[in-house]
Amino acid sequence: MSEPLDPECLPIRSTLDVVTARHAARELCERLGFGKADQTRLATAVSELARNVIQYAGEGRCLIEDGSDDRQRCIRVRIEDQGPGIRDLQQALTDGYSTSGGLGAGLPGTRRLVDEFQIESAPGSTRVTIALIKRR
Amino acid sequence: MRIPILQLDRILLVSIQVDLTDNDAMQFQSDLVERVAAIEALGVAIDITALDVVDSYMARVINDTANMVRLLGAEVVICGIQPFVALTLIEMGRGLLGADCAFNLGQALEMLKGRIAKRGDTRFVGDEDV
Ligand SMILES: Nc1ncnc2c1ncn2[C@@H]1O[C@H](COP(=O)(O)OP(=O)(O)OP(=O)(O)O)[C@@H](O)[C@H]1O
Ligand SMILES: [Mg+2]
(Lines give C-alpha, C1' and ligand atoms only; values in the text may rest on other atoms or scores of the structure.)
(Ligands and ions follow the chains in the order given, each with its own letter.)
Protein backbone atom coordinates (compact mmCIF):
# COMPACT_ATOMS: atom_id res chain seq x y z
CA MET A 1 0.00 0.00 0.00
CA SER A 2 1.29 3.45 -0.85
CA GLU A 3 1.63 6.21 1.74
CA PRO A 4 -1.24 8.67 1.96
CA LEU A 5 -0.48 11.77 -0.05
CA ASP A 6 -0.08 15.18 1.52
CA PRO A 7 -3.20 17.29 1.42
CA GLU A 8 -3.41 19.66 -1.45
CA CYS A 9 -4.52 23.19 -0.66
CA LEU A 10 -6.01 25.26 -3.44
CA PRO A 11 -7.12 28.87 -3.27
CA ILE A 12 -10.62 29.68 -4.49
CA ARG A 13 -10.75 33.23 -5.71
CA SER A 14 -12.11 33.10 -9.24
CA THR A 15 -14.37 30.94 -11.34
CA LEU A 16 -11.23 29.54 -12.93
CA ASP A 17 -10.22 28.23 -9.50
CA VAL A 18 -13.54 26.38 -9.37
CA VAL A 19 -12.49 24.48 -12.49
CA THR A 20 -9.00 23.84 -11.08
CA ALA A 21 -10.39 22.54 -7.78
CA ARG A 22 -12.80 20.09 -9.39
CA HIS A 23 -10.04 18.83 -11.69
CA ALA A 24 -7.72 18.26 -8.74
CA ALA A 25 -10.44 16.41 -6.82
CA ARG A 26 -11.20 14.19 -9.80
CA GLU A 27 -7.54 13.43 -10.32
CA LEU A 28 -6.90 12.27 -6.77
CA CYS A 29 -10.16 10.33 -6.85
CA GLU A 30 -8.96 8.48 -9.92
CA ARG A 31 -5.50 7.94 -8.46
CA LEU A 32 -7.04 6.35 -5.37
CA GLY A 33 -8.89 3.88 -7.55
CA PHE A 34 -12.42 5.27 -7.44
CA GLY A 35 -14.51 4.65 -10.52
CA LYS A 36 -15.82 7.09 -13.06
CA ALA A 37 -19.15 7.54 -11.31
CA ASP A 38 -17.48 8.52 -8.04
CA GLN A 39 -15.01 10.78 -9.84
CA THR A 40 -17.91 12.61 -11.45
CA ARG A 41 -19.84 12.82 -8.17
CA LEU A 42 -16.89 14.29 -6.32
CA ALA A 43 -15.92 16.72 -9.08
CA THR A 44 -19.51 17.94 -9.23
CA ALA A 45 -19.76 18.29 -5.45
CA VAL A 46 -16.51 20.27 -5.31
CA SER A 47 -17.73 22.46 -8.14
CA GLU A 48 -20.94 23.29 -6.24
CA LEU A 49 -19.16 24.09 -2.99
CA ALA A 50 -16.37 26.10 -4.59
CA ARG A 51 -18.91 28.11 -6.54
CA ASN A 52 -20.80 28.88 -3.34
CA VAL A 53 -17.56 30.23 -1.89
CA ILE A 54 -17.09 32.59 -4.83
CA GLN A 55 -20.73 33.56 -4.86
CA TYR A 56 -21.38 34.15 -1.18
CA ALA A 57 -18.01 34.70 0.45
CA GLY A 58 -15.85 36.08 -2.37
CA GLU A 59 -12.94 33.76 -1.67
CA GLY A 60 -11.81 30.78 0.31
CA ARG A 61 -9.84 27.60 -0.05
CA CYS A 62 -10.14 23.96 -0.83
CA LEU A 63 -8.22 21.14 0.84
CA ILE A 64 -8.11 17.78 -0.86
CA GLU A 65 -6.67 14.83 1.01
CA ASP A 66 -6.22 11.12 0.93
CA GLY A 67 -7.79 9.73 4.09
CA SER A 68 -7.32 6.07 3.20
CA ASP A 69 -6.24 3.35 5.61
CA ASP A 70 -5.96 -0.45 5.37
CA ARG A 71 -9.70 -0.91 5.63
CA GLN A 72 -10.99 1.70 3.26
CA ARG A 73 -10.19 4.07 0.50
CA CYS A 74 -11.19 7.60 1.37
CA ILE A 75 -10.92 10.95 -0.33
CA ARG A 76 -11.84 13.95 1.77
CA VAL A 77 -12.34 17.52 0.62
CA ARG A 78 -12.75 20.50 2.88
CA ILE A 79 -13.96 23.77 1.45
CA GLU A 80 -13.93 26.81 3.68
CA ASP A 81 -14.34 30.54 3.61
CA GLN A 82 -14.48 33.50 5.93
CA GLY A 83 -17.58 35.04 4.47
CA PRO A 84 -20.88 35.96 6.08
CA GLY A 85 -21.83 32.42 7.02
CA ILE A 86 -25.18 30.70 6.61
CA ARG A 87 -27.84 31.84 9.04
CA ASP A 88 -30.17 28.88 8.80
CA LEU A 89 -28.37 25.68 7.88
CA GLN A 90 -31.48 23.58 7.72
CA GLN A 91 -33.05 25.95 5.25
CA ALA A 92 -29.85 26.10 3.17
CA LEU A 93 -29.89 22.31 2.94
CA THR A 94 -33.45 22.26 1.63
CA ASP A 95 -34.00 21.65 -2.06
CA GLY A 96 -34.97 24.82 -3.86
CA TYR A 97 -33.88 27.26 -1.18
CA SER A 98 -31.68 29.99 -2.61
CA THR A 99 -30.93 33.56 -1.60
CA SER A 100 -29.49 34.34 -5.02
CA GLY A 101 -32.22 33.22 -7.39
CA GLY A 102 -30.34 29.99 -8.06
CA LEU A 103 -31.88 26.53 -8.25
CA GLY A 104 -31.05 25.97 -4.61
CA ALA A 105 -29.69 22.59 -5.60
CA GLY A 106 -26.06 23.03 -4.61
CA LEU A 107 -25.92 22.04 -0.95
CA PRO A 108 -28.74 19.47 -0.86
CA GLY A 109 -27.53 17.96 -4.14
CA THR A 110 -23.95 17.76 -2.92
CA ARG A 111 -25.09 16.04 0.24
CA ARG A 112 -26.74 13.32 -1.84
CA LEU A 113 -23.65 12.79 -3.97
CA VAL A 114 -21.16 12.00 -1.21
CA ASP A 115 -20.78 9.42 1.56
CA GLU A 116 -19.96 11.95 4.27
CA PHE A 117 -21.17 15.49 4.52
CA GLN A 118 -20.51 17.95 7.32
CA ILE A 119 -21.22 21.62 7.41
CA GLU A 120 -20.36 24.17 10.07
CA SER A 121 -21.17 27.80 9.67
CA ALA A 122 -21.10 30.96 11.72
CA PRO A 123 -20.65 34.61 10.79
CA GLY A 124 -17.08 34.84 9.49
CA SER A 125 -16.65 31.15 8.77
CA THR A 126 -18.24 28.43 6.72
CA ARG A 127 -16.68 25.02 6.36
CA VAL A 128 -18.02 22.08 4.42
CA THR A 129 -16.30 18.70 4.55
CA ILE A 130 -17.23 15.91 2.19
CA ALA A 131 -15.82 12.45 1.66
CA LEU A 132 -16.16 9.47 -0.61
CA ILE A 133 -15.42 6.16 1.03
CA LYS A 134 -14.97 2.68 -0.38
CA ARG A 135 -14.18 -0.45 1.60
CA ARG A 136 -11.17 -2.34 0.37
CA MET B 1 -12.41 31.02 -24.67
CA ARG B 2 -15.12 31.15 -27.32
CA ILE B 3 -17.12 28.22 -28.54
CA PRO B 4 -17.44 27.95 -32.31
CA ILE B 5 -20.97 27.88 -33.66
CA LEU B 6 -21.39 26.00 -36.94
CA GLN B 7 -24.17 26.74 -39.35
CA LEU B 8 -25.88 24.19 -41.56
CA ASP B 9 -28.57 25.94 -43.56
CA ARG B 10 -30.72 27.39 -40.82
CA ILE B 11 -29.64 24.97 -38.16
CA LEU B 12 -26.88 25.84 -35.72
CA LEU B 13 -24.54 23.24 -34.26
CA VAL B 14 -22.54 23.90 -31.14
CA SER B 15 -20.13 21.47 -29.59
CA ILE B 16 -18.81 22.40 -26.19
CA GLN B 17 -15.31 20.96 -26.23
CA VAL B 18 -13.77 22.32 -23.06
CA ASP B 19 -14.55 22.62 -19.41
CA LEU B 20 -16.11 26.07 -19.26
CA THR B 21 -15.61 28.64 -16.56
CA ASP B 22 -18.77 30.47 -15.53
CA ASN B 23 -17.75 33.45 -17.62
CA ASP B 24 -17.18 31.26 -20.68
CA ALA B 25 -20.62 29.77 -20.15
CA MET B 26 -22.28 33.19 -20.11
CA GLN B 27 -20.34 34.22 -23.20
CA PHE B 28 -21.48 31.07 -24.95
CA GLN B 29 -25.08 31.79 -24.02
CA SER B 30 -25.09 35.30 -25.42
CA ASP B 31 -23.10 34.35 -28.55
CA LEU B 32 -25.55 31.59 -29.35
CA VAL B 33 -28.68 33.63 -28.72
CA GLU B 34 -27.30 36.40 -30.92
CA ARG B 35 -26.56 33.99 -33.76
CA VAL B 36 -29.99 32.39 -33.52
CA ALA B 37 -31.60 35.80 -33.87
CA ALA B 38 -29.24 36.96 -36.61
CA ILE B 39 -29.93 34.07 -38.96
CA GLU B 40 -33.44 33.35 -37.65
CA ALA B 41 -32.34 29.81 -37.00
CA LEU B 42 -34.97 27.09 -37.10
CA GLY B 43 -33.11 24.71 -34.85
CA VAL B 44 -30.12 24.43 -32.56
CA ALA B 45 -28.22 21.34 -31.44
CA ILE B 46 -25.92 21.65 -28.45
CA ASP B 47 -23.42 18.83 -28.03
CA ILE B 48 -22.03 18.41 -24.51
CA THR B 49 -20.09 15.17 -25.00
CA ALA B 50 -16.90 16.78 -23.70
CA LEU B 51 -18.40 18.04 -20.45
CA ASP B 52 -17.40 15.72 -17.62
CA VAL B 53 -19.03 17.90 -14.98
CA VAL B 54 -22.44 19.51 -15.22
CA ASP B 55 -23.16 21.13 -11.88
CA SER B 56 -26.27 23.07 -10.99
CA TYR B 57 -24.85 26.25 -12.45
CA MET B 58 -24.03 24.66 -15.79
CA ALA B 59 -27.40 22.91 -15.79
CA ARG B 60 -29.05 26.27 -15.35
CA VAL B 61 -27.02 27.85 -18.14
CA ILE B 62 -28.00 25.01 -20.48
CA ASN B 63 -31.67 25.22 -19.51
CA ASP B 64 -31.77 28.99 -19.78
CA THR B 65 -30.03 28.90 -23.13
CA ALA B 66 -32.49 26.32 -24.42
CA ASN B 67 -35.43 28.41 -23.21
CA MET B 68 -34.05 31.58 -24.78
CA VAL B 69 -33.56 29.82 -28.08
CA ARG B 70 -37.15 28.54 -27.92
CA LEU B 71 -38.46 31.99 -27.08
CA LEU B 72 -36.82 33.29 -30.21
CA GLY B 73 -38.69 30.68 -32.21
CA ALA B 74 -36.18 27.90 -32.79
CA GLU B 75 -36.20 24.24 -31.75
CA VAL B 76 -33.40 23.01 -29.52
CA VAL B 77 -31.94 19.61 -28.64
CA ILE B 78 -29.09 18.85 -26.23
CA CYS B 79 -26.98 15.83 -27.06
CA GLY B 80 -24.07 13.68 -25.97
CA ILE B 81 -24.59 13.88 -22.24
CA GLN B 82 -22.13 11.47 -20.59
CA PRO B 83 -23.65 8.55 -18.65
CA PHE B 84 -21.92 9.55 -15.42
CA VAL B 85 -22.98 13.12 -15.84
CA ALA B 86 -26.58 11.97 -16.26
CA LEU B 87 -26.26 9.79 -13.16
CA THR B 88 -24.87 12.65 -11.10
CA LEU B 89 -27.48 15.11 -12.30
CA ILE B 90 -30.32 12.80 -11.30
CA GLU B 91 -28.73 12.05 -7.93
CA MET B 92 -28.33 15.75 -7.28
CA GLY B 93 -31.93 16.48 -8.05
CA ARG B 94 -34.55 15.51 -10.51
CA GLY B 95 -35.37 18.05 -13.13
CA LEU B 96 -32.07 19.88 -13.04
CA LEU B 97 -31.78 19.50 -16.76
CA GLY B 98 -35.10 20.01 -18.49
CA ALA B 99 -34.24 20.29 -22.16
CA ASP B 100 -34.85 17.59 -24.77
CA CYS B 101 -31.90 15.28 -25.28
CA ALA B 102 -30.46 12.92 -27.88
CA PHE B 103 -27.52 10.51 -27.89
CA ASN B 104 -25.44 12.28 -30.50
CA LEU B 105 -25.35 15.09 -33.02
CA GLY B 106 -26.74 12.93 -35.82
CA GLN B 107 -29.78 12.03 -33.77
CA ALA B 108 -30.19 15.59 -32.58
CA LEU B 109 -30.26 16.78 -36.18
CA GLU B 110 -32.91 14.21 -37.08
CA MET B 111 -35.03 15.32 -34.14
CA LEU B 112 -34.67 18.95 -35.13
CA LYS B 113 -35.58 18.30 -38.73
CA GLY B 114 -38.61 16.28 -37.71
CA ARG B 115 -39.86 19.01 -35.46
CA ILE B 116 -39.19 21.78 -37.90
CA ALA B 117 -41.13 19.86 -40.53
CA LYS B 118 -43.98 19.30 -38.06
CA ARG B 119 -44.20 23.01 -37.45
CA GLY B 120 -44.85 23.33 -41.15
CA ASP B 121 -41.62 25.20 -41.51
CA THR B 122 -40.00 23.73 -44.59
CA ARG B 123 -37.62 26.55 -45.34
CA PHE B 124 -34.58 24.52 -44.40
CA VAL B 125 -35.28 21.91 -47.06
CA GLY B 126 -36.00 24.61 -49.59
CA ASP B 127 -39.39 23.18 -50.46
CA GLU B 128 -42.04 25.86 -50.65
CA ASP B 129 -45.04 23.73 -51.61
CA VAL B 130 -45.35 21.29 -48.73
N1 LIG C 1 -20.23 29.48 1.57
C2 LIG C 1 -21.41 30.09 1.84
N3 LIG C 1 -21.44 31.24 2.56
C4 LIG C 1 -22.62 31.86 2.82
N5 LIG C 1 -23.82 31.41 2.41
C6 LIG C 1 -23.85 30.26 1.69
C7 LIG C 1 -22.66 29.55 1.37
N8 LIG C 1 -23.01 28.45 0.65
C9 LIG C 1 -24.36 28.49 0.53
N10 LIG C 1 -24.88 29.57 1.16
C11 LIG C 1 -26.32 29.91 1.30
O12 LIG C 1 -27.07 28.73 1.18
C13 LIG C 1 -28.02 28.85 0.12
C14 LIG C 1 -28.19 27.52 -0.57
O15 LIG C 1 -27.00 27.17 -1.28
P16 LIG C 1 -27.09 26.20 -2.55
O17 LIG C 1 -25.73 26.02 -3.11
O18 LIG C 1 -27.83 24.98 -2.11
O19 LIG C 1 -28.05 26.98 -3.56
P20 LIG C 1 -27.70 28.26 -4.46
O21 LIG C 1 -26.24 28.52 -4.46
O22 LIG C 1 -28.56 29.38 -3.98
O23 LIG C 1 -28.21 27.81 -5.90
P24 LIG C 1 -27.45 26.76 -6.88
O25 LIG C 1 -26.28 26.20 -6.15
O26 LIG C 1 -28.47 25.73 -7.20
O27 LIG C 1 -27.05 27.57 -8.07
C28 LIG C 1 -27.48 29.96 -0.77
O29 LIG C 1 -28.50 30.60 -1.51
C30 LIG C 1 -26.81 30.88 0.24
O31 LIG C 1 -27.74 31.74 0.83
MG1 LIG D 1 -24.84 27.00 -4.86
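Author: A definition is needed at the outset: two residues are in contact when they have heavy atoms within 4.5 Å of each other. The model discussed here is a predicted one.

With that definition in hand, consider B:D52, which sits in the loop between strand 3 (43-47) and helix 2 of chain B. Leaving aside residues up to four places away in sequence, B:D52 touches A:R26, A:T40, B:D19 and B:V85. Is B:D52 buried, exposed or partly exposed? Buried means under 20% relative accessible area and exposed means over 50%; B:D52 has a relative accessibility of 27%, and therefore counts as partly exposed. B:G98 is 46 residues away from B:D52 in sequence, and the two C-alpha atoms are 18 Å apart in space.

The structure has one cavity of 30 Å³ or more, and the largest cavity holds about 60 Å³ of space. Helix 1 (22-39) and helix 2 (56-72) of chain B each give at least two residues to the lining of the largest cavity. By class, this lining consists of six nonpolar, one polar and five charged residues.

Five strands of chain A make up an open sheet in the order 1-2-3-5-4, with antiparallel pairing. At its edges are strand 1 (8-12) and strand 4 (116-122) of chain A, each of which pairs on one side only. On average, neighbouring strands of this sheet are turned by 15° against each other, direction ignored. Strand 4 of chain A is joined to strand 5 (residues 125-135) of chain A by seven bridges, and the two run antiparallel; A:A122 has A:S125 as its bridge partner in strand 5 of chain A.

Two helices of chain A lie across strand 1, strand 2, strand 3 and strand 5 of that chain. Helix 1 (residues 15-31) of chain A runs at about 5° to strand 2 (60-66) of chain A. Helix 2 (residues 36-57) of chain A runs at about 10° to strand 3 of chain A.

Helix 2 of chain A also provides the largest share of the lining of the largest pocket, eight residues. This pocket has a volume of about 770 Å³. Its lining comprises 37 residues, and A:N52, A:Y56, A:I86, A:T99 and A:L107 are those nearest its centre. Among the other elements that supply at least two residues to this lining are strand 3 and strand 5 of chain A, and also helix 2 of chain B. The lining divides into 18 nonpolar, 12 polar and seven charged residues.

The second largest pocket, with a volume of about 180 Å³, is lined by residues that include A:P11, A:I12, A:G60, A:R61, A:E80 and A:D81. Strand 1, strand 2 and strand 3 of chain A are the elements that give two or more residues to this lining. Its residues divide into three nonpolar, three polar and five charged.

Methods. Residues numbered from 1 in each chain as written. Chains lettered and ligands numbered in written order. Predicted model: local features only at pLDDT ≥ 70, side-chain atom pairs only at ≥ 80, totals over all residues. Heavy atoms only, no water. 1 Å grid on protein atoms, 1.4 Å probe; cavity = no way out; pocket = protein on both sides within 12 Å on 5 of 7 lines; lining within 4 Å. Points joined across faces, edges and corners; volume = space filled by probe spheres on them. Helix = DSSP H or I, 4+ residues; strand = E, 2+ residues; numbered from the N terminus. Nonpolar A, V, L, I, M, F, W, Y, C, P; charged D, E, K, R; others polar. Buried < 20%, exposed > 50% of the residue type's maximum accessible area, 1.4 Å probe, protein only. Pairing = 2+ DSSP bridges. Axes fitted to C-alpha atoms, helices over the stretch in contact; angles between N-to-C directions.
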